[in-house]
There are 2 protein chains.
Amino acid sequence: MANLDAAFSALADPTRRAILARLALGEATVMELVEPFELTQPAISRHLKVLEGAGLIVRRVEGTKRPCRLAPTAVAEIDQWLGMLRRALETNYDRLDGVLAAMKPEK
Amino acid sequence: MANLDAAFSALADPTRRAILARLALGEATVMELVEPFELTQPAISRHLKVLEGAGLIVRRVEGTKRPCRLAPTAVAEIDQWLGMLRRALETNYDRLDGVLAAMKPEK
DNA sequence: TAGTTATATAACAACTAAGTTATATAATCG
DNA sequence: CGATTATATAACTTAGTTGTTATATAACTA
């Protein structure tokens, strides 16, 4: 699962998560994404490249603009992987419940 | 949400995800976690420190051993954040559906 | 108590990441 | 066509990550 590396790594950066949060409101061009941050345009362009590489966003060409929007694929992959942890945590939690239930009578 | 940085960043490494997958099967000591990897014990110890710092695992002291197990907190935080993306993706998808539905009659 | 086992930490090398400025490309506007 | 706007890329700097080996600590074992 090499793509999970890219996806989680992309999400590890707060600027990139903020970009995604902005795109959750709808499509935006590069300059629209630059505006709210105290970063230069090349910095944002590179963040977008990382997000695109991770499958978290897609871009279309519209004249000289490149509007970005959220892509579903990476999120689905992440969800699937996290599902494994969720299930394990539930199981362990049940087990703990069992242990506690077994202990109570002893007390 | 500073902790999301640590959580996503911890999950970005395949060795650490493999460690979590192993812990999903149940508690394990450091040496038990070293065994399946072609890495040295200090390397694994540091990965564990990262996972602990991210709130993905907890460790107890048992004599000279430090058994590790999964912790639920970070996964819950991640799920919560991803929920935002999931909802946005659903909305955008619905919107796309709407667009496609609106286009069909025109064709 | 001396040796062994389990784990942590320090110091270092190699690599990657994130930001900057300067510059290139390419579409649009007048 | 020339100027402007939108975006990308290159070169560089600084900082962080991942691995290694060597060593420290601390609890068991004989």
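How many residues of the surface near DNA strand C are nonpolar, polar and charged?

## Surface near DNA strand C

The residues of this surface divide into 8 nonpolar, 9 polar and 4 charged. Ala, Val, Leu, Ile, Met, Phe, Trp, Tyr, Cys and Pro count as nonpolar, Asp, Glu, Lys and Arg as charged, and the others, including Gly, as polar. This is a predicted model: local features need pLDDT of at least 70, side-chain atom pairs count only at pLDDT 80 or more, and totals for chains, interfaces and linings use all residues. Residues are numbered from 1 along each chain as its sequence is written, while chains are lettered from A and ligands numbered from 1 in the order in which they are written.

Among the 21 residues around DNA strand C, those that come nearest are Ala43(A), Gly63(A), Thr29(B), Met31(B) and Pro42(B) (near: C-beta atom, placed from the backbone, within 6 Å). H4(B) gives the most to this surface, with 5 residues. Helices (H or I, at least four residues) are DSSP runs, numbered from the N terminus, as are strands (E, at least two).

## Helix H4 of chain B

In H4(B), the buried residues are Ile44(B), His47(B), Leu48(B) and Leu51(B). They lie on the same side of H4(B) because they cover an arc of only 100° around the axis, the arc being that of the directions from the helix axis to the C-beta atoms. The face turned away from the buried side of H4(B) carries the exposed residues Pro42(B), Arg46(B) and Lys49(B). A residue is buried if 20 or more other C-beta atoms lie within 10 Å of its own, exposed if 12 or fewer, and partly exposed in between, with C-beta atoms placed from the backbone.

Just after H4(B), Gly55(B) takes a positive phi of about 75°.
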